[in-house]
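Overall features come before individual residues.

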Amino acid sequence: AALNSLYDDYLQRTTAAERSALGKSGYATPETPAEFSAGMLLPWTKDFLLYDPRPDLSRVRCPILSLIGAKDAQVAAGPNQTAIQNALTEGGNDHHLLLHPPNLNHLLQNARTGSPAEYQEIEETISPVALNTISEWITDQLLP
């Protein structure tokens, strides 16, 4: 009942055009609250939503680069980078760099809004800023 209510609220707050744009970006928009609830109750979905990566991150010993775009609408940069930082630090990993480059979305593309509905409009595969950051970080790990 709670999932049905949640999805019904989503349907009230969004337009058919917005839901259509998400569909074109590969995000399924169920027709009814019951379809949404059924998908959310699948074992994989429940496992995905309930998974807490912090214990696993606290055991990582290799250098870590984490990039979360400041306009990422799927993974909020601030709280997630803080949680990653805390887990790595608690586990004793001091060799990490966590960045949230401005104007980048979930796919590390330059974006206006960061909404997944915008993905299909962006021709850029990945931002040159993101590529340079990754390349420089890897080079720094290889050279003393």
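Helices (H or I, at least four residues) and strands (E, at least two) are DSSP runs, numbered from the N terminus. On that basis, the protein contains seven helices and two strands. This is a predicted model, in which local features need pLDDT of at least 70 and side-chain atom pairs count only at pLDDT 80 or more, while totals for chains, interfaces and linings use all residues. Residues are numbered from 1 along each chain as its sequence is written, and side-chain values use heavy atoms, with hydrogens and water left out.

**Overall form**

- The order of elements along the sequence is α-α-α-α-α-β-α-β-α.
- The C-alpha trace spans about 55 × 35 × 20 Å along its principal axes.
- The protein has a radius of gyration of 18 Å, whereas a compact globule of 144 residues would have one near 15 Å. This radius is taken over C-alpha atoms, and the globule rule is 2.2 Å times the number of residues to the power 0.38.

**Burial, surface and contacts**

- Of the 144 residues, 31% are buried; buried means under 20% relative accessible area, exposed over 50%, and partly exposed in between (1.4 Å probe, protein chains only).
- The protein exposes about 9400 Å², of which carbon and sulfur atoms supply 59%. Accessible areas come from the Shrake-Rupley method with a 1.4 Å probe, and for residues only the protein chains shown count as cover.
- Contact means heavy atoms within 4.5 Å. Among contacts between residues at least 6 apart in sequence, 60% join residues at least 24 apart.

**Charge**

- There are 9 positive and 17 negative side chains, and the centres of the two sets lie 4 Å apart.
- Lys and Arg count as positive and Asp and Glu as negative, with His and the chain ends not counted. Each charge is placed at NZ of Lys, CZ of Arg, CG of Asp or CD of Glu.

**The loop between strand 2 and helix 7**

- E118 lies in the loop between strand 2 (96–99) and helix 7 (128–142), and E118 is buried, with a relative accessible area of 4%.
- The side chain of E118 reaches the backbone nitrogen of R112 at 3.0 Å.
- Apart from neighbours within four places in sequence, E118 is in contact with A111, R112 and T113.
- G114 is also placed in the loop between strand 2 and helix 7, and G114 counts as buried at 0% relative accessibility.
- Apart from neighbours within four places in sequence, G114 is in contact with K71, A73, N105 and Y119.
- From C-alpha to C-alpha, G114 and I134 are 21 Å apart in space, and they are 20 residues apart in sequence.

Key: A polar contact is a pair of N or O atoms within 3.5 Å; within protein, one must be able to donate a hydrogen and the other to accept it, and residues adjacent in sequence count only if both atoms are side-chain atoms.
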